[in-house]
Number of protein chains: 4
Amino acid sequence: MSISSSARAFIDLNCDLGESYGAYAKGRDEEVLKLVSSANIACGFHAGDPAVMRNTVRLCLENGVSIGAHPGLPDLQGFGRREIRITPDEAYEMTLYQIGALDAFVRAEGGRLHHVKPHGALYNMAARDRLLAEAIAEAVLRFDTSLLLYGLSGSELMAAGKRAGLAVVSEVFADRCYRPDGSLVPRSEPYAVIHDCEAAVAQALQMATAGTVRASDGSLVPIEAQTVCIHGDGPQAVGFAAQLRTALTAAGIGIAAPDGRL
Amino acid sequence: MSISSSARAFIDLNCDLGESYGAYAKGRDEEVLKLVSSANIACGFHAGDPAVMRNTVRLCLENGVSIGAHPGLPDLQGFGRREIRITPDEAYEMTLYQIGALDAFVRAEGGRLHHVKPHGALYNMAARDRLLAEAIAEAVLRFDTSLLLYGLSGSELMAAGKRAGLAVVSEVFADRCYRPDGSLVPRSEPYAVIHDCEAAVAQALQMATAGTVRASDGSLVPIEAQTVCIHGDGPQAVGFAAQLRTALTAAGIGIAAPDGRL
Amino acid sequence: MSISSSARAFIDLNCDLGESYGAYAKGRDEEVLKLVSSANIACGFHAGDPAVMRNTVRLCLENGVSIGAHPGLPDLQGFGRREIRITPDEAYEMTLYQIGALDAFVRAEGGRLHHVKPHGALYNMAARDRLLAEAIAEAVLRFDTSLLLYGLSGSELMAAGKRAGLAVVSEVFADRCYRPDGSLVPRSEPYAVIHDCEAAVAQALQMATAGTVRASDGSLVPIEAQTVCIHGDGPQAVGFAAQLRTALTAAGIGIAAPDGRL
Amino acid sequence: MSISSSARAFIDLNCDLGESYGAYAKGRDEEVLKLVSSANIACGFHAGDPAVMRNTVRLCLENGVSIGAHPGLPDLQGFGRREIRITPDEAYEMTLYQIGALDAFVRAEGGRLHHVKPHGALYNMAARDRLLAEAIAEAVLRFDTSLLLYGLSGSELMAAGKRAGLAVVSEVFADRCYRPDGSLVPRSEPYAVIHDCEAAVAQALQMATAGTVRASDGSLVPIEAQTVCIHGDGPQAVGFAAQLRTALTAAGIGIAAPDGRL
């Protein structure tokens, strides 16, 4: 099952939130919450702690932002960005654990969990490794079949989610370059990131309205674009998010979290 | 709300399980599961990891043993036994987090969470500190009002649970000496532990049948005894549990987990 | 053995540094290093990680700032500020471990470790608990008898250090109020902190020049003042440190780390 | 610099020790210490804690067993066996940190650190990745140029150690099958492990006396064999170690830790 992306009247803007930890503050969560329609909240493995999770859940509910669990690898020091060679069972278990932990705060505050999006290295590994992707989809499904699964557009994770019967939400990046096969140009290569704000907004608009992206070789590639990833760290990121939101709205595209339960 | 303890036909035997961690095995869970009616499963803070939690939940379901979350302080090295000066908010948050994490595995395996029992230093602190006790009761209540709260008989935690409207289950120890006020003789004092198996079984029987215990000064003290704590480490502990179970059954007392939902 | 404090021509300004962790930045280390004569570097238990330790050691050496190990309780989430009920053996072991870890970076960069100052709750516990104080002094002594031990002026830690034969350095606070017995007014009480910059500088000057402090009851109390603690978080803290340094220099007091090896 | 392996009159038997953690006991350290000449002590990242390190160092000194640091990846749950994609800088920093931490206990007990051997996934990654190998060798060198570096015979780590000017000690496995190029048959393949005790002892003897091993394709391959890895977990492992020691002694080969400082 997938949510149709053609002739889209609405698109989702999502952001990773709740990445503070103990005495360590991170991100401009309160500002970003005014701009996005859904949030991925860290669950304590790569970032976040129980106090941060509670506060962030409250903030999301106050701002009417849909709440997702953002499970990551157990690596606070590496912020979940270093790949760890885990088994599919481990991926299943750490995903399920973290979904449950976050959901407890959502329930306690009277909300309802909306989606799951893996973080960092877990996201990347699940994008290309079919077994890890299936394990993560299985964890989501077993916890709650009505949860949405967010993942890289065109990835193994999206495919696994569909096979499992989950509603999936394909994520695109306004400021990343794409290859002709629809995958991202790795950050290790030159021209991986679009630094020009105008160009990034234009790319997002094209993905949202036409369902295509201009790839690194100049070709026009079809792409599912149901949610756009917004970064919440630093003043420039927040400024860009505001700019993107304005441009999308001006183009007649509403900003709203997808509802897989319809 | 409390479950009546007079003229008891049934008593619960509970044990802490799922205390292994990664490559570290601990406890004789499979043997103990044949003897108890309810299990408190470690949730990853003082012991346990997502793989251990998954396996232990499965084992409990296979054995028809009621599953409780066993939240502890975030101190794997100290096994949750070292007191950490936390605030009530922190107690609330760490309890809620761990309940949610364990519940995810219970849901995923098709079971239903039955109770919550704090572990180690958190248990002891909640027994004597009213604010911590209330915070823990609040976490249980907000997660699921039908969950049972296990705690030290006569403690602040039991009082807080009752005030919150939770069904509480008063725990007693067969092998620990009691003071005239119904509290435990601290382990730091002599005569804190009953080393004689016969005496320990006799004490448990008396608590279960008469609702009284002979205190350290020889006086007879009333005590709520709805569940007896069984230790699962070491061959002697398992042997004692078997002996206790036999004695209770012979005395016409059934072994069964309480059902607060009735 | 103690370093004489009367008619002082020099005083030490020390600051806690290297408190970042992974993706989490904390403190204004580069600015503060221009102002202090000694630095206490976090060792990975309450803050800091191996990369941060390496960088901070380098920065200290480049700035000619004396390097101390800053061991804390194993509680990153609580930033080492929550008391954990540890045994003297545990205090010895965690202190020794962290001294060794930091010293490795100092050695590798061609420097020499200068002192040890416990952090946060470990500092406070060692200030009032004789057995913990002795355990920490023992760890310092066994690692290197020539290391200086920094601690709260008039505390059990200073007494234990002296008994052990260590050179101790008594720390005072410019912005904290003192009781008539020379101890700090706890933060939980009103009037614990001096918010007025002028008053704080004046207190530091008086402690440095006269070896006395005006206590909360108005009495004049003798106090050992060999090092003044500077906070490195926030622009105000750095500004105050600069102001204090200027005032001390203007009063003819040099800023220099003590040398216990003389 | 390398220690000559031809016409060897002595060989080293090494074992990983100190792998307990908090309430979790692991290994038969006291038995194994009677059989080996050198020990690799876990440093708190993949196993071990400060209390375990202190006790294990003492045990080694009492038994006259040479002490090595056994740094691992920061992954207690995975016991350091899951590969984490770290940078050479991170490898350098985590190795240096752990060497320093262990060395503190050795110094405090009046001993002297003898060698460093990476653990688990860090060992394997350093065996095949030149940059990681160089980073680890650099950490050892910067800490103490006289330390020996243990690693897989024929590996990148041994090559990097030699280039750095360290004395290296080539490790072989009695119970693992070798490929024609001198590398180990991966555990994921059939016939990776020699389960027959006699065959394993025979292989060790041949490596120790002739400097050759029969590879998986039947060819005879030259191999540096300066130390043999002994496993300390389980009764069979200890029994095998005793059998191996007896066989080596019977063949006129002494059991002794190498001394790179000669």
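These are my notebook entries on two interfaces in this structure, which is a predicted model.

**Entry 1: chain D and chain A, symmetry**

I began by superposing the copies.

**Entry 2: chain D and chain A, contact**

Next I listed who touches whom. Eight residues from chain D and eight residues from chain A make the contact. The buried area between chain D and chain A came out at about 820 Å², with 47% of it from carbon and sulfur atoms. Which residues of chain D lose the most area to chain A? They are D:R82, D:E83 and D:R85, which together account for 61% of what the chain D side buries.

I also compared the two sides. Of the interface residues of chain D, 100% are interface residues in chain A too, so the copies meet through the same surface.

**Entry 3: chain D and chain A, charges**

I went looking for salt bridges here and found four between chain D and chain A. One I looked up joins the side chains of A:E83 and D:R85, with 3.2 Å from N to O. The side of chain D that touches chain A has five charged residues, three nonpolar and no polar ones. Residue pairs in polar contact across chain D and chain A number four.

**Entry 4: chain A and chain B, symmetry**

On to the other pair. Chain A goes onto chain B by a turn of 180° and a shift of 0.0 Å along the axis, with an RMSD of 0.0 Å. Both copies use the same surface, as 100% of the contact residues of chain A recur in chain B.

**Entry 5: chain A and chain B, contact**

How many residues of chain A are in contact with chain B? I get 24 residues of chain A, against 24 residues of chain B. Together chain A and chain B bury about 2,100 Å², and carbon and sulfur atoms hold 57% of that.

For polar links, I noted eight salt bridges between chain A and chain B, plus a count of ten residue pairs in polar contact. The salt bridge I checked runs between the side chains of B:E109 and A:R142, at 3.9 Å from N to O.

Then I asked which elements of chain A supply this side. α2 (50-63), α3 (88-108) and α5 (130-143) each give at least two residues. The largest share, 13 residues, comes from α3(A). By class, the side of chain A facing chain B divides into 14 nonpolar, eight charged and two polar residues.

How values were computed:
Residues numbered from 1 in each chain as written. Chains lettered and ligands numbered in written order. Predicted model: local features only at pLDDT ≥ 70, side-chain atom pairs only at ≥ 80, totals over all residues. Heavy atoms only, no water. Contact = heavy atoms within 4.5 Å. Least-squares fit on C-alpha atoms with pLDDT ≥ 70 in both. Buried area = accessible area lost by both parts, 1.4 Å probe. Polar contact = N/O pair within 3.5 Å; in protein donor to acceptor, adjacent residues only side chain to side chain. Nonpolar A, V, L, I, M, F, W, Y, C, P; charged D, E, K, R; others polar. Helix = DSSP H or I, 4+ residues; strand = E, 2+ residues; numbered from the N terminus.
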